[in-house]
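This briefing walks through one protein model, from its overall build to its parts. Please keep the sequence and the structure in view while reading the points below.

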Amino acid sequence: MNNFEIKTKIRFGEGSLKSLQDIKNKKVLVITDPFMVKSKAIDKILVNLNNSTYDVFSDIAPDPPIETIVTGIEVFKKVNPDVIIALGGGSAIDAAKVINDFSRQILNDNRVEFIAIPTTSGTGSEVTSFSVITDKQKGIKYPLVSNNLIPDVAILDPELVKTVPDFITADTGMDVLTHAIEAYVSSDANDFSDALAEKSIKLVFEYLVNAYKNGNDSKAREKMHNASCLAGISFNQTSLGINHSIAHALGAKFHIPHGRANAILLPYVIEYNADIKGYTNRDYTLASEKYAEISKLLGFNSATVRAGVKNLVNAIKKLQKELNMPASLKECNVNLDETDNIKDEIAFLAINDGCTKSNPKVSTEKDIIEILNKIK
Ligand SMILES: NC(=O)c1ccc[n+]([C@@H]2O[C@H](COP(=O)([O-])OP(=O)(O)OC[C@H]3O[C@@H](n4cnc5c(N)ncnc54)[C@H](O)[C@@H]3O)[C@@H](O)[C@H]2O)c1
Ligand SMILES: [Zn+2]
């Protein structure tokens, strides 16, 4: 038996922040990053909270470290809020998820409402049971998974994403594409997750370049915000794959932004999973057939599965070029050959990452090293 459910209520579109006005006579704790305070983006939230009192914890840094979570729990205990609002990119939402969950367990308090308001169109964290926390000392990113982490409400107001600089629009947009594609070929994919992933992929190919070139393009921003959330709902069902496993390890070791690491890997992970070397005997893998499906969906020539896979890979490389993104680790100033055993270490971390088990192909450390050699 399969099960599909969405716990999170989703308010979306221009003006959806006004739904915060429904919060009345509550103690609110806003968890966010320093940029949201400095840029006054937070005022767009606070102005709608005039029926309640609020505190702000704004210490969240990208790739949130364990230490910030510990401080956040102390703040939570002091404020004892009725409502948590997570405002920011994946980092702020992920941190707030864990602060909220751990604090509720410590205080044995299940009444707190959790509202996630993404300001990047990338992680889909506003609807997922995932949170990625970093151990900076060990250089390891831990994806935590629990239904207790899923927000009660997500508010997707495109107004908040208009300030995202072009290179972050590119990184986060490619994260969306990677989520949707990994969900689509996941060993746990089903008709429901496929439908969401398909729509997300189409939206990315249609609107990401416009959002990148003109941050004030309201329609492109809104569509990318929706694409991010749709991909989130999809991969929340199916989990991800080794693209994310390797990106987590690279992100923790070299501080490459998450979406950028995913983007560099994506064409090579597709080629690896599709395994079209033996195409002449037409013994295609299910993953290669699904990649070819995506190609068809995007209107590329997919007369054969092999052509479909190749066209998808080429389209992704073309998209990366249009977004002026690096295509190798070298272009991110990372030299894998400089540090002894680093490839083995990354391969070990990737194989043991929680996202690996739903990859369509069973992978070995040797496979991961081969992929690393292609992207270095
Ligand atoms: N929970 C999940 O399901 C999930 C999925 C994928 C990735 N992640 C994790 O999420 C994190 C990445 O999140 P992200 O890509 O959204 O980036 P982020 O939250 O780390 O933010 C990146 C930068 O963008 C800035 N920023 C955010 N919104 C902005 C805005 N509106 N205008 C201008 N600047 C803005 C931030 O201040 C920050 O400097 C990583 O830790 C990654 O591992 C989580
Ligand atoms: Zn991701």
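A compact globule of 376 residues would have a radius of gyration near 21 Å, and because the protein chain has 20 Å, its value agrees with that expectation. The model is a predicted one, and within it the C-alpha atoms of the protein chain fill a box of roughly 65 × 45 × 45 Å, taken along the principal axes.

**The chain as a whole**

- The protein chain contains 13 helices and eight strands, and buried residues make up 50% of its 376 residues.
- Among the contacts in the protein chain with a separation of 6 or more, 76% are made by residues 24 or more positions apart.

**The two domains**

- The domain assignment of the protein chain gives domain 1, covering residues 9-161, and domain 2, covering residues 166-375.
- The C-alpha centres of domain 1 and domain 2 lie 27 Å apart, and the contact takes 25 residues from domain 1 and 29 residues from domain 2.
- On the side of domain 1 that touches domain 2, the strands β1 (9-12), β6, β7 and β8 (153-156) each supply at least two residues, with the largest share, four residues, coming from β7.
- Sorted by class, that side of domain 1 has 11 nonpolar, 11 polar and three charged residues.

- Helix α5 has 20 residues and reaches 29 Å from its first C-alpha to its last, which is close to the 28 Å expected at 1.5 Å a residue.
- This helix, α5, is mostly covered, with 18 of its 20 residues buried.
- Helix α8, made of residues 242-254, has 13 residues and reaches 18 Å from its first C-alpha to its last, close to the 18 Å expected at 1.5 Å a residue.
- Helix α8 is also mostly covered, as 11 of its 13 residues are buried, including Ile 242, His 244, Ile 246, His 248 and Leu 250.
- The buried residues of α8 pack against β6, β7 (140-145), α5, α9, α12 (342-351) and α13 (365-375).
- After α8 comes His 255, whose phi is positive, near 55 degrees.

**A residue in a loop**

- Asn 324 is found in the loop between α11 (305-322) and α12.
- Is Asn 324 buried or exposed? Asn 324 is exposed, because it has 10 other C-beta atoms within 10 Å, and a residue counts as exposed when that number is 12 or fewer.
- Although Asn 324 and Leu 230 are 94 residues apart in sequence, their distance in space is 25 Å, C-alpha to C-alpha.

Technical notes
Residues are numbered from 1 along each chain as its sequence is written. Chains are lettered from A and ligands numbered from 1 in the order in which they are written. This is a predicted model: local features need pLDDT of at least 70, side-chain atom pairs count only at pLDDT 80 or more; totals for chains, interfaces and linings use all residues. The expected span of a helix is 1.5 Å times one less than its number of residues. Two residues are in contact if their C-beta atoms, placed from the backbone, lie within 7 Å. Domain bounds come from an automatic or database domain assignment. Ala, Val, Leu, Ile, Met, Phe, Trp, Tyr, Cys and Pro count as nonpolar, Asp, Glu, Lys and Arg as charged, and the others, Gly among them, as polar. The radius of gyration is taken over C-alpha atoms; the globule rule is 2.2 Å times the number of residues to the power 0.38.
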